[in-house]
Amino acid sequence: AWQKAADQGKGKTNVSAVYSALAYQKLGQDEEAHQLLRGCIQSAAQPKPTAEDYFAAGTAEQYSNHTDEARKYFKQALDVDPLFWQVRIALKNLGS
């Protein structure tokens with residue numbers, strides 16, 4: 001089941017890739033997990049990132065234990081889309 005979950009986000013840079021990375025970590029495949037998380041973070045550095053890009057980057061940073069960076073990306077997601085309710089929940093979970 002973990003392998004199936006891990007494979008579903010492979011090659012993506014959206015938030016589903018973050019959850020795939022967590023599944024890879026559960027399987028002990030830390031390098032694969034790190035690559036997926038890095039791809040999500042880099043998606044926010046592309047020209048004209050979307051709110052989803054910032055959300056994925058923030059979620060990747062959150063699960064990498066980089067709370068300040070996660071908060072920064074989540075706030076950028078809200079700048080792009082103030083109605084992105086999932087981001088508001090993520091910020092609340094960070095204590096913001």
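Over the ring of which residue does the charged end of K72 sit?

The ring is that of Y73, and the charged end of K72 is 4.7 Å from its centre. A charge sits over a ring if NZ of Lys or CZ of Arg is within 6 Å of the ring centre and within 35 degrees of the ring normal.

Before the next exercises, some ground rules. This is a predicted model, in which local features need pLDDT of at least 70 and side-chain atom pairs count only at pLDDT 80 or more, while totals for chains, interfaces and linings use all residues. Residues are numbered from 1 along each chain as its sequence is written, and side-chain values use heavy atoms, with hydrogens and water left out.

**Exercise 1. Describe the overall fold of the protein chain.**

Step 1: list the elements. The protein chain has six helices and zero strands, in the order α-α-α-α-α-α from the N terminus. Helices (H or I, at least four residues) and strands (E, at least two) are DSSP runs, numbered from the N terminus.

Step 2: look at burial. Of the 96 residues, 40% count as buried. Buried means under 20% relative accessible area, exposed over 50%, and partly exposed in between (1.4 Å probe, protein chains only).

Step 3: look at contacts, meaning heavy atoms within 4.5 Å. Among contacts with a separation of 6 or more, 39% come from residues 24 or more positions apart.

**Exercise 2. Find the aromatic pairs and say what they connect.**

Step 1: apply the rule. Rings of Phe, Tyr and Trp (its six-membered ring) pair if their centres lie within 6.5 Å; planes under 30 degrees apart count as stacked, over 60 as edge-to-face and the rest as tilted. The structure holds four such pairs.

Step 2: take Y19 and Y63. Their ring centres are 6.3 Å apart with the planes at 65°, so this pair is edge-to-face. Because Y19 lies in helix α2 (residues 15-26) and Y63 in helix α4 (residues 51-63), the pair ties together parts that are 44 residues apart in sequence. Y19 is partly exposed at 43% relative accessibility, and Y63 is partly exposed at 37%.

Step 3: take F55 and F74. Here the centres are 5.9 Å apart and the planes stand at 40°, so the pair is tilted. F55 in helix α4 and F74 in helix α5 (residues 67-80) are 19 residues apart, and the pair links distant parts of the chain. F55 is buried with a relative accessible area of 10%, and F74 is buried at 0%.

Step 4: look for a cluster. Ring pairs link F55, F74 and F84.

**Exercise 3. Track down the salt bridges.**

Step 1: set the cut-off. A salt bridge is a side-chain nitrogen of Lys or Arg within 4 Å of a carboxyl oxygen of Asp or Glu, and the count comes to two.

Step 2: examine R71 and D68. Their closest N and O atoms are 3.3 Å apart, and both residues lie in helix α5, three residues apart, about one turn of the helix. R71 is buried at 19% relative accessibility, whereas D68 is exposed at 60%.

Step 3: examine K72 and E69. These side chains meet at 3.2 Å, N to O. K72 and E69 are also three residues apart in helix α5, about one helical turn. K72 is partly exposed at 38%, and E69 is partly exposed at 32%.
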